Structure formats: structure tokens, C-alpha cells
Amino acid sequence: MEDRPRPLRGGNPDWMSRLPEELLDVPLCDLAVPGSHDSMSFCLDVSSPVVRSESCLLRLTDRLLPCCTRPCVYRWATTQQSVLSDQCELGVRFLDLRIAKKPAGGSKLFFAHGIYTLMTVKEALCELATWLDAHPKEIVIVACSHFESLTDEDHTHLVEFILSLFSRKLCSSQDVPTLRSCWSRGQQIIVCYDNIQMVLQHPELWTEIPYWYANSPDPKKVIAYLEAQKSRGRPDGFYVCGLNLTEHAPYIFFHPCQSMRRMTLEALSSLLRWTAEQTPGPQGGGVNIICSDFVEVSQFCSTVIGLNYKLLGRAWAPAPRPAGTRPEASPPDAAGTG
């Protein structure tokens with residue numbers, strides 16, 4: 001039987017406010033930041049249909065045999081088991097939010113990963129806003145993407161809600177934020193929005209962050225891929241190294257009793273060893289955001305946070321570079337969002 005989720009113990013709810021003085025003026029894109037991959041998949045609705053962007057074969061199977069298809073999709077699409085506030089308590093400061101509109105969901109927006117979530121976008125963002133109010137020196141990066149079946153009107157309403165909800169807490173994409181600069185302005189959230197029309201209209205929104213992921217169920221291939229990407233140099237600004245594994249049809253066929261959770265647990269030790277060997281910073285191999293599945297089952301967050309202490313004692317003089325300013329296309333080396 002698969003392990004049941006365990007209660008959260010401790011965590012790192014205020015780790016940014018506790019970093020040494022020497023790191024307070026380091027650009028956030030040069031710090032090591034823990035992130036959760038597919039952050040809202042903890043509340044997938046096993047009774048919902050498969051999303052429209054999935055393959056025709058899977059959607060056909062879902063229509064014919066939903067009692068078989070949906071539990072299987074649920075087992076492999078669930079990558080987190082903690083609500084957003086608990087993820088933040090653990091130390092997660094990058095949230096991967098994949099937004100979607102249900103075929104018969106009215107005007108409400110949800111999240112999706114294979115199937116749709118029970119929780120709406122507004123509910124999740126309000127939970128995050130409440131958590132930020134309780135932790136005024138913590139900064140969270142939110143990546144809004146995919147936008148399954150959203151119309152232009154949906155985008156407009158969603159952006160208006162984000163701007164109204166977070167208001168002065170939003171960090172402008174014209175800045176190169178550091179902890180000290182964010183604290184001085186009362187800024188706590190960076191919203192990346194994967195729709196260039198919305199980004200061009202609103203300087204409060206940031207462009208899509210490059211996300212490196214190997215698209216493989218093999219942790220050795222994941223590590224080899226990330227090392228190959230690092231050898232080519234890191235992108236300017238924020239970017240993500242994805243530790244998340246990716247199942248494919250043959251793997252599922254030959255592992256009928258497995259799940260994403262079990263596959264992740266079996267790979268965690270090697271992935272965490274690789275993580276502990278990394279160093280943040282602007283240099284070619286410097287890491288920034290590192291994302292994982294099931295952030296609550298290991299010391300992942302503490303391991304990533306601890307990387308920042310490797311920066312102590314360095315002569316800190318990062319080269320000037322644009323932050324989230326208005327590029328016309330996606331940044332280079334963006335491998336997708338896993």
C-alpha cells in the first residue's frame with residue numbers, strides 16, 4: 001500500500017527574513033528558491049473529465065471508460081499533497097499554477113493537470129494573500145500558465161482580480177528585486193503571466209520564466225539533462241531547474257500499480273544529492289528556482305534554502321541585467337513546464 005500523507009512538521013515559514021544581512025541585496029534571481037511543480041494538483045477532482053489539451057486517444061478512452069481512465073490520470077497527475085499555505089510554510093516560494101476553464105464550469109476558473117481541480121483560482125489566490133499578510137517579509141513568485149480554454153475576457157477578469165487582490169504587494173517587472181528592496185516597498189509577490197498581450201498591458205506582470213525539465217521518468221536522465229543545460233550557461237533573470245519526473249505511456253503500461261508519488265519517492269535520494277551539490281548565483285552553473293514534486297515528504301525545501309549560505313563571503317558584484325522587462329518572445333532555453 002502506498003504511503004499516506006504525513007502531517008507537516010516544522011518547516012521554513014520565514015526563511016527569507018532570516019537570511020544573513022550579506023544576502024539581502026542579492027537579486028532574487030541569484031538566490032536559491034524552492035518551488036513546487038504543479039502546485040495545485042493536491043486537489044484534483046477524480047470525477048472531472050480529462051482536459052481538452054490531452055491526446056485524442058486519452059479523451060476517447062475517458063468518454064468510454066471514465067471509471068478506469070480518471071483514477072489512473074489522478075494517480076499520475078497528482079504531484080503535491082499539501083495546500084498552498086502549507087507549501088509556503090515548508091519554504092516553497094515558487095508556485096506553478098496551471099489555469100483552466102472547465103467545459104461546463106461557467107465563468108469560474110480552476111487549475112488542471114490531466115484533469116481539473118476542485119479549488120478555484122480565486123480561492124487559491126485568496127489563500128495565498130492571507131498567508132502573505134501573516135508573513136510580511138516573505139516574497140513568493142507565482143507562475144500563471146497554460147490557460148486551458150480561457151478567452152480574452154477571462155484573461156482580462158483574471159488579471160483585474162490579481163491586481164486588485166495583491167495591489168501594492170506586486171513587484172513591478174521594471175525592477176531587479178532584492179529582499180531589501182521588496183521590504184522597503186512592501187512588495188511580496190512576483191506574478192509571471194504566460195500571455196504576452198496581458199504582460200504588455202500591465203507592467204506589474206512578468207513574462208514567462210524558463211523551466212528546464214527533462215521529460216523523463218529516470219532520475220539519472222533528469223540530472224544529466226540539467227547538467228547539460230547548465231553547461232550552456234544560465235538564462236538572465238529567474239529560471240527553474242525541474243527535478244520533477246515525467247511518466248509516459250510505456251512506463252505506465254509496464255508499471256500498472258505505481259503512481260507519481262511512488263516514482264518520486266524512489267528517485268528522491270539521488271535528486272536531493274544533486275540539489276545539495278549546487279550553488280546559486282549569476283555564474284554559468286548557478287541555480288535559481290528548483291522545483292520538486294511532493295515537497296512535503298523530504299528535506300527538499302531546507303536543502304534548497306541552505307544553498308544560499310554558499311554565497312556568504314563572496315565579493316558580490318552581479319552584472320547589470322534586465323529583470324522582467326518587456327521581451328517580445330519567450331526567453332531562450334525555455335524547455336516548457338513539465
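Guide: Rings of Phe, Tyr and Trp (its six-membered ring) pair if their centres lie within 6.5 Å; planes under 30 degrees apart count as stacked, over 60 as edge-to-face and the rest as tilted. This is a predicted model, in which local features need pLDDT of at least 70 and side-chain atom pairs count only at pLDDT 80 or more, while totals for chains, interfaces and linings use all residues. Residues are numbered from 1 along each chain as its sequence is written, and side-chain values use heavy atoms, leaving out hydrogens and water.

Visitor: How many aromatic pairs does the structure hold?

Guide: Pairs are counted by the distance between ring centres, with the limit of within 6.5 Å. On that basis, the number of aromatic pairs in the structure is five.

Visitor: Are the rings of phenylalanine 147 and tyrosine 193 stacked, edge-to-face or tilted?

Guide: The pair links distant parts of the chain, since phenylalanine 147 is in strand S5 (residues 140–148) and tyrosine 193 in strand S6 (residues 189–193), 46 residues apart; strands here are DSSP runs (E) of at least two residues. Their ring centres are 4.6 Å apart and their planes lie at 35°, so the pair is tilted.

Visitor: Is tyrosine 193 buried or exposed?

Guide: Buried means under 20% relative accessible area, exposed over 50%, and partly exposed in between, with a 1.4 Å probe and protein chains only. Because its relative accessible area is 1%, tyrosine 193 is buried.

Technical notes:
Helix = DSSP H or I, 4+ residues; strand = E, 2+ residues; numbered from the N terminus.
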